[in-house]
Structures are given as structure tokens and as C-alpha cells.
Amino acid sequence: MSLIQPASRSKSHQKSSARRTENDRIYANPLPIILIEPSQPSLLHKALGLLGVSVTQVLNPHCEGVLDVATRSVWVLNMKDAMVLWQRGFFGKGDLSRSEPSWLARQINARKQAKQGGMTSEEVTAKRRAERKQFKLDRAKAMAAAAAEAETAFQEGRVISTIYAPDGTRMIPSAATWKPNRAPETQPDKSASIAEESDDEDEEEPIENVEHLQLTLQEAFFLLWNLDCLSVSNTQTGDPLTLSQVWNAFQNAHVPSPKLVPSPEPPQHRCFDNPFLVNYVIYHHYRSLGWVVKSGIKFCVDYLLYKRGPIFAHAEFAIVVCPVYEDPADQESSPFNLQNASPFSWSWLSTINRVNSQVQKTLILSYVTIPARLRVSDAVLSSPACFAHYSIREVVLRRFIPARMRD
Amino acid sequence: MSTSNPILLRVSNKKAYVWDIDDVAKLRVCHHICGVLAGTLPHLSQQNVFLGVPLLLMPEEVVLLVEKGLALLVDDKNAHHDPSAPALRKWDSDRLRVVERQLALAEEHEAKEALNPDRAMSEKAILKRKEREEKRARSVQPNTAETSQEIPEESLFANDSVPNLEGHSESLRAESPHRSSVTVPPQTFTSPYTIQVPGASSTFEWYDQSTHSFTTLAAAREAGIWDYPATPAEYARCGVFRDLWEQGYFMGGGIKFGGEYLVYPGDPLRYHSHFVASAIESPEAALRPLEIVAHGRLGTGTKKAHLLCEWDEDKESVTYYSIEWAGFG
Amino acid sequence: MDDALEVPRPQLPTADVQEEDQSSGDEDGGLDWTKLPKLGTAARPVIPKRGEKDFEPAAGGGSGLQLHVLDRSREAMLEALRAGRSISSKSISYGLWYPAIDRVHVITARGIHFSTMGHSATRAPPSEGMGGEAVDAQSNSIPGSKLPKRLELLPEEALYLVERGALFCYKFLSNGLPLVDSPNFEMTSPGAPMSVQQAFAEMTGRDGMTLERYQVYAYLKRLGFILMRAEPPTAEYPVAALTPLLSNRPLTQPQTFRGKLTTLFSRFASNVLSVFRLSRRSDWWKHLQLSRYRTSADIFQSLRFIPCTYSVPLPLPSVSEGKQASSSKALPFALSASPYKVFFHVYKPSTPFRKTAPPAPDFYVVVVNARTTPMPSIQELTALFDILPVMPLPPPRKRGVQPAVKNPPNSPPTDDPATKAPPGISRPSSTPGWPLSALTFLRRLLFFLPFFCPTPPAQADKLASKPTRPPNPFLALKTGKKTIVIAAVDSGSISFFRFGQGVFEEWPMA
């Protein structure tokens, strides 16, 4: 929807509220599985209810994916599954899109726009960037001219304004006053010719979708382990992996190996600080609290937390995962060089805080304790039972501005 | 301004300060060194935007200035000797002479004003002033606090505990043999005069840096007053700072922008910085992908490109890489 | 699509931080000194905005005009720097600096500064052989005898007043030079007169007062804040009240043994509860039995089994198992040497303040040197949070009066999430049988056994259901339960950050 429409800024209020309702409907379910309560509970249901057992009908989409070790992700190739996972809980991202797998829709739209002589959103962006560049050039030129003018005046002992020219016009354009120069209008001709061309091949071939949905290992394990709504198969063999094979393969994916094939055998050395486990703990924690958890790489953090989902509002919080080794010796002997396992510099803090406050996000440092091997046996790591041995402590970070805190 | 005389950097607690305003100017104009103003401006003491002396120098600036022979380090604490009795007597008599001259001038001025009907104060103003004076006289009686009305009750203790007040001093002196508590309030001058709290110590006869100056970092280090740079990271910062400085740039602290320095094409008073520079310890140091994201994003927001300045201690050279948002896709 | 929407939006009116970031104080040298009022003109100076600057100097170091404007800017700056510290003889205070005890004895106190600065100190009369030096009363006080008190300033207080030109300081001369019976220090100096330069050299680096701490002190004082040392430097230094003075909040923390027991018990109870929560996952290889849940909120809730809390102590590497932690590094748990200590208690200018009985601070401020100290570790932060009281939520902005989260009267304030959990979260109250996974938790419970005091478990349930849910979770999430302010100082530039104790677990979104 929103994505595939050309960006025209003059949307009526009505239309946007209609879209909101539409989004509320499409993204109504926070999880891929849907629970349906029997509308008219039978006597049996009631009896079971008294026993503390509720019997709800479960709609399980049973999505399928394959593990790709090179990208450390699970690929969902079936578009129907992909859309279920995206629309119910915003799991995964399109490999050719920024978030929602919309490549096909964008292609179709581009073709349509080309026919009508309109512009795709990509073209709008390109045009805006070109204009911006031109504006900067014009401004630089105007500033140079103003400086030269002022310099001459200074040499002659006159005083002039560097902002207004003698005729009263503003010398240096600002983003608000600058207008693109509409001189060489090549655009219509070009699009007209394209339109003509495409008229010829009216029955063009349908575009084949080449995009798939990528799930991070954390997302995949969350869906698979908790909700049983995803199965993951081996890229090589095509066979579905059992839960314990997935458990092994996801941890092995972080161990450097020359072969990029899933290894479902138990890892040689199980480590509490395997990046898959550490990140899963954080991912699971915020998911269990009802947040939509997405990658934070574009804002140089580990995760972003959305209240309902990226469709509805901006991410409110930016999560930095900080592993804490209970026993520093484990850190020294670790094969993984986990980021932020030791306190980072103040300069880095102010960098990431500045980046995130620029986009109105609050920075959260999420400390995950990594159980000491001396205290907790490695054997615990053979199953997800190990998750109960980690713990999380959150620190909210904001700048403190004394001048605003005076009353 | 001559550059021949090295500037004296006053070092205490491993920090280097400049107190002389002419030196502040000289550093900026001749040597492109800005430092950070770290003191309260006495006439604008309720804000943090404009600050005053001392000028606190970044350690990299100090290292550069000393290595280039442009400055000396002075052990400031030890350069403050105790004054001798005659020196102190002289200081007192000089001070008193200034006070007397001040009072004489004021008296002369008042007399003149009284004579000049045009410039005399309106009757109302005179009345007001009289009132004010009376009030002051009254409040001085019980305890000096001319501001006593403004002080919450418990703080009166502050005055009570100071047994230097008229009326109280006698009795307090009796029960307190403590020498420094028995001073009697100023009686010498009844009219107010202006006192200057001295800023720099150079006016003191007993301030003498000659035996406490160091022309090299090694000597200062040996004397225990200076120890920068000590770590590879600090050496890298000094190397990068020097290299940028030699290319004519001005530098300021860059911690708030995610780097070590802000790099200016000219005096920061008139030009914006173009780069945020971070010093990288060695060519082997790892660079995390998130750093590239952060610096790219930050640069776009602040119109500064990020400079990764890689210091090679063996070759004593810097390699620069800049990061900017490309805007693809 | 979110990406397109999440490009920086500096024009937003809510962009508080942005505004501050762009403010003139942020970029050093970005100031236009020419806009400063000339000395002795405007009584109430207006801080000018950053002036217009050029992109770069013209070739050769700048054009004629550029050089002219630069000269003017420099001159304006230097002129402002040349301003002296003049004060009327009727308003100046006098002090005597005793380097041996790091204190200034105030001989004459004038002006409003002393309503918030300085403290009373008992000093024994000078003993022979001490060169006339005053001695700390504690060391040689005679029981029963009434010793004289005097007003003393800490190094930062004295330096600040000297810098502002409000205090004239003399250095006590141990050679006994002046003037022991000097009757009038207006005529004869009672010691060596001190310049601001000398005060900087002598008073920083003393008694914990690093330059970084002094800079934070002066920065906040200039804005009108009141600052006290958090750690009393002497026994006579006034100690702040413990909790924020809220009308319907008990004034004292339950620091009693009984209070501690209650706290420990509720922690224990919350651990038992988390074991129960785990029960739904008795077999870790099984998926959730989805048909048991009625709504997705139920599912989310049953997924909450990862401990997220400050109430459980950070596990330390066990020494009892015979193997010493084989780390060559210093253990991060050596917290006593940590630079992360609350150094200042800070009060807003508007907070009613009594110097002799300071209220609970508005802010707890830690100062570190950003060049030499990395961020605090979670152990250091936990230690800081441990000593802080729970802060009330600030009133919501732009809305009607909202009730802040408060503990019900008489209930002990605890760190336990169970007591603060909104009623929306119904914790499972009973479960048939103890799951196997609970065994792993028994080790955790052992932490508490020595203190365990049997109290009816019903009490924990009661505690869990008392408070009401305030309206805006984001405010609570962004504020955190406890807040510490850390000032990181890098060569004179101060960055203030608030570190809040996160409460995400208490505010689920589903």
C-alpha cells in the first residue's frame, strides 16, 4: 500500500484516515498464529474451562524457510508465507526492500507510472536529490558573489549588507526561498517516448518476483521454537531440520567455517556468549513484552523497538546490547569478540546518542549477563533451558540539560 | 606581536592554563591554538555560554607548543612563593594608597556634582539615596549583612559564627582564643571603595617561575608535573593533532561530535568546522561497521565530514580517510 | 518505508535535544563575542545567538574583509576577558585558606552566597608547635569543653567565590609571618593575598576536588543550582535527607533490619513467582501449547521468563567452588576504587533549601574525566542505583494533572518489580507441581536463604496489586525508576547524561 504509491504530498485527511483503518485491518494480528475462541462454548469447553484448561482454536500458518548460512538468515521464498510473517508481527524484511518485501509491487508500479508518464517514488527521490545539489551549487555561487561584493565595498570603505543585494532581493538563497530552475524541460519528451514504446508491447510479460523474505536467526527461532509456525530446512538437502538441529545450526552459524552449509551437529564447544544466544535473549525479551523488534543498524544500534510496528509509528527506543561476563576469564578465553562487552568510550556514547536523538529515539543500554562457566555447567547449553540463566538490566540514556532543569 | 618569547603555560594538577590575556591572543593569532575558556566571566557570572580565563589547553596543544619551542611549562603551585614580611608590607601599603586615591577622587567628584546644579541629582533621587544609606547603616549594626533580608533564617548562622561583627566581637574574643577569629571589622574607611580580586599572579612580587620552568616535556615529566602523552592512544592523538596543525587547521575538542577534534579551516570565531577527526591508534586497529554508519549519519546531520586519522607510530605519519553519506538507494 | 520517514527531522517542535545540540554553547568557538554587551552597559546581559560565520577563509588566510571581521571578533573576546573582578568594599567577603586542612575560614561573610555555601566547623584552638595552624577538632578535642565554631568553605566553594570576585582570599602562612595580632585586615593582610590563578593552582586537586569536578560545580552554580558534597567531607558537614520530600510518602527509608527483611522477602517472592512463570515451559524442547491461551496477550505473557531486574544481585564468579577466577585482569567488581561515585547532591534553584538540613537532592551527580574513564560498567551503575531512592515520575507535559506513580503510604519502597507491577499483569498464582526447571532456580534462591524470614506469601500478592497504572508508559520508560546524572568532562567541555534504571518489564506493550 503506502509503499507502492507514488509519493504525492497532497493527500487529503480523509484518505489518510482511510488508510489508517486499512492498516489497522491488515496488521491486526501481532503474531502469525491466530487464536479463535469458540463463539458459543459448548458444555465441554465450559467444563474444561473450570478445570483451568481453555480450548482455543489455533490458526497456524505453518510457514516454510531455508537456512542460509552465508547471510546468517532464514529465507522465506513463498510470498504468501512472507506476507503472513510481515503483516502479523512484522517479522523479517524483503531482501530487495528496506523492510516490507515490496520489490514486485514497486516494479509493477514503475511500469504503470512509465506508461502514464508519471514518476516512481525512486525517481521522485532522484529528482529531489538533483534539485538539492543544484540548490547547494546556486547557494555557494551566491555566497561567493556576495562575499566578492562585500570585499569590494570594504576596500572602497563602504558598508553593505551581505544578505540583501542593492535591489532588495535576497542574495543568498535559503532552502525556503530557492526555486528549481525550470529551463530545459526534457522530462516530458522522454516519458512520452517511453510511453509510446510501451504501447507497442501492450501484452508485456508479467514480472516474475525474485524477492524473498529474510528472517534473522533470532526471528526464525522465536517463530519456530515458541509458536511452531515456521519450519526451517537445510539448503543442501531440502530436509526440514528438527528443533534441536536448528538449535545447533543457529549457534554454529556464528562459528567461522570454510563451508557455508548448515551444520546441525552439536557445536564442538558450546558457549554462553554465542552471539546467537546473546542476541536471542534480548530479542525474545522485548518481543515477549509486546514490542516489534527490528534491526537498528541504520542508527548504529542493535535493535529498534516499535510499539505496534514500523507501519504505524517511528521506533521509540534504540537498543544497544551490552554483554556482561559474570566471569571476566570467560571473556578472555572466548572465541567471539562481542561488541560492547567492555564499557565503551564517552565519545562513542555521545555519537550514538546524538545519532538517535536526531531521530527522536531514546537510547537504551541492555546489559545481558553471560553466565559464568564456573557457576553454570555447559550442559545447560544443550537446550533452550539455558535462557533462564541469562538476565537483563536496562539503562535508559538521555542527555541532561541543566539549563532546562532549573524548575 | 613577537613570537620570540615562549609563552608560559601554568601547570597545576597536570593541567596547563594561560592567565595572561595577551598570551591568549598570541596563542590564537600566532599559533592557531584556541584552548577552552574555563573560568567565570566576572561581569557575566550567571551563564555558561561565554566563559573567561583561565584558558585551559588540551594536552595535545600543550605537547605541540612545548615540542615546537613555543611555550614553557611552569610548575605553578611552586612558583607561588610565600611573601616575605617586607613584600607583604609593601603590597599592603600599595593597596592602601590605591584606596586612598580612590576615595579622594570620589570625594572630589561628589563635591563637583554638588556645585554643578545642572548635573546635581534630583531631589527625589537624593532622598532615595539618603534612605538607602540610612537603611544600610541600620542593618550594619546588628550583623554586617546588608543582605540579611534575603538570607533564610538558618543561614544567619553563617554570620553568627563569624565573630567579627560589631557588638559581638568583644564577647566572642573573650571566649575564643582562636587567633584568626578575632579580627575586627574594617574601621579604617567609612565610605565604600572598590576592591579588585587579582586574576593573574604575575603582579605579585613573590611569584617567581624562574626556578620552576621546564622547556621540555621530559624535564616536566621528571619533575612530576606533566605526563602526557603516555599511552599509544595519546601518542596517536598528539601525532594527528600536530599533523593537522601543520597543515594550517585550527582544532577544537570534538567529543560531542563523536571524535577527538573539530577541524576548522580558520579561526573558529569566524569559520565553521568542516571535519570531525578521530585519531586511530595504529594501522592495525579494527574499524567496526557501526562506526561507519554512525559517522556517516552524524556527518549529514551536522554538515561535517568525519575524518578517520590513522596514526602510524613507526613512520610518524597520518593517513586520512573521510566518511560521508553517499545517498544511494 | 520507515526509513524514508526516519530521516532526521530537525524542524519538529518536539526536537528538544536537537535544539540544544545546535545551540551556540555546543560548538566551541562558535560564539560571536562582538554581540556581547560592552563592559558596564546593559545590566542584564542577553546571550546573543551564534553569529553568521563564513565557510572558509579566502586564499592566503582570508580576504581583507574577512580579516577585518576576524580582528573585530577577537578584540571583542579579548576585551571581555580583560574584565576585572571589582567589588565594593561593603560587599566583599574575606577568607583565609588553610592548605593543610583544605578549607577556607570565612572571616567576613557578606552576601547571599552564604545561605547555600559553607558549613560550620568546630576547630580547636591552635596548639603550640603547629605553627599556629588550626587543628581539626576531632583529633584533639577535650570532652565536654565547648569549642568555638567557625564558617568554613570547601575548596570548590572558595574557588568559585574567588572567581566571581565575591571573596578575597588570603593564604595562611605557616611561617607565622603575619600578623598574629593584626587588629585590622583592611590595613594589614592576615596572610598572603591570593589571586584567582593561585586559587586554581592550590584549591583544585585538593580533597577530591579535581578540575573536572570543579568545572561541573561552577557550571551548575552559574545556572543557580545549589550543590552539596554527597559524601560528607567531615563529620560536621550537613547530610541530605534520604528520600524526596513527597507529601504522602514515608519520610524515612526502612533501613531497619525488619525493613531489610521485608525487602529481601519480596525479592524472594518475586523469584518464586518467576519459577512459576517458567512452569509453562516445563519441557524446553516443546513449543507453547497455544490452545491453552485465549489471547495473544496471554501468549506474550507466558513468554516472559528471562529475568530482567535489578533486584537480583549480579552473580559474582563463585569462589566457593575452589577455583579462583583465573583472570589476569582486575575484576570489575572492585567497586571501591571506581570513579563512579555520587560526588554532588544538586538542588534546583527553586527547591526550598536549608543549609543546615538539606532536603533530599533533586539530582545525584557523578563527575568523571571522559578522557581517562570509559563508560560505567553495569556493576558500577547497579552500585549507584542501589543507593538512590526511587524517583517519582515527572508530571506529564502539556496535559492535565496526572497522578504520579507513588507507593501507597506505609508500604516499604522496594526495588521489587512485583510491587510496582500494574494490575494488568496477572501473575500466575498457583501451579500444580514444581517443574524440573525450577531446580536451576534453587541455586538462585540460595542467595537469600540466610536472610529468609517466613512471612505469609499472601502478603506478596497484596503488594503486587496495590498501585494503579499511570497513563503514559513512554514517560515511565524514558524516565526510568531511578536516575543518576553523569557529567563526562573532556578538557573543559562537559557532557551531562542521565542514566535511568530501566523498567521495560513493568510496562509491557501487549
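In this predicted model, Lys361(A) touches Phe299(A), Ala315(A), Glu316(A), Phe317(A), Ala318(A) and Asn356(A), leaving aside residues up to four places away in sequence. Lys361(A) sits in the loop between helix 11 and strand 11 (362–370) of chain A. Lys361(A) is buried: 22 other C-beta atoms lie within 10 Å, and 20 or more is the cut-off for that class.

**The annotated site in chain A**

An unreviewed UniProt entry lists Tyr306(A), His314(A) and Lys361(A) under "active site". The three span 56 residues in sequence, yet no two of their C-alpha atoms are more than 10.5 Å apart, so they gather at one spot.

His314(A) also lies in a loop, the one between strand 9 (303–306) and strand 10 (317–325) of chain A. Is His314(A) buried or partly exposed? His314(A) is partly exposed, because it has 15 other C-beta atoms within 10 Å, a count between the limits of 12 and 20.

The unreviewed UniProt entry also gives residues 276–368 of chain A as "domain: tRNA intron endonuclease catalytic".

**Where chain A meets chain B**

The contact involves 13 residues of chain A and twelve residues of chain B. Which element of chain A gives the most to this side? Helix 11 (residues 346–358) does, with eight residues. By class, the chain A side has five nonpolar, five polar and three charged residues.

**Domains of chain B**

Chain B is divided into three domains, with the bounds below.

| Domain of chain B | Residues |
|---|---|
| domain 1 | 1–81 + 208–227 |
| domain 2 | 84–113 + 186–206 |
| domain 3 | 229–328 |

Taken over C-alpha atoms, the centres of domain 1 and domain 2 of chain B are 29 Å apart. Six residues from domain 1 and five residues from domain 2 form the contact between them. The domain 1 side of that contact holds two nonpolar, two polar and two charged residues.

**Chain C**

Chain C has 510 residues, and 41% of them are buried. Its secondary structure comprises 13 helices and 13 strands. How much of its contact set links residues 24 or more positions apart? Such pairs account for 69% of the chain C contacts with a separation of 6 or more.

Conventions. Residues are numbered from 1 along each chain as its sequence is written. Chains are lettered from A and ligands numbered from 1 in the order in which they are written. This is a predicted model: local features need pLDDT of at least 70, side-chain atom pairs count only at pLDDT 80 or more; totals for chains, interfaces and linings use all residues. Two residues are in contact if their C-beta atoms, placed from the backbone, lie within 7 Å. Helices (H or I, at least four residues) and strands (E, at least two) are DSSP runs, numbered from the N terminus. Ala, Val, Leu, Ile, Met, Phe, Trp, Tyr, Cys and Pro count as nonpolar, Asp, Glu, Lys and Arg as charged, and the others, Gly among them, as polar. UniProt positions are given in the numbering used here, feature names are shortened, and annotations may be inferred rather than shown by experiment. Domain bounds come from an automatic or database domain assignment.
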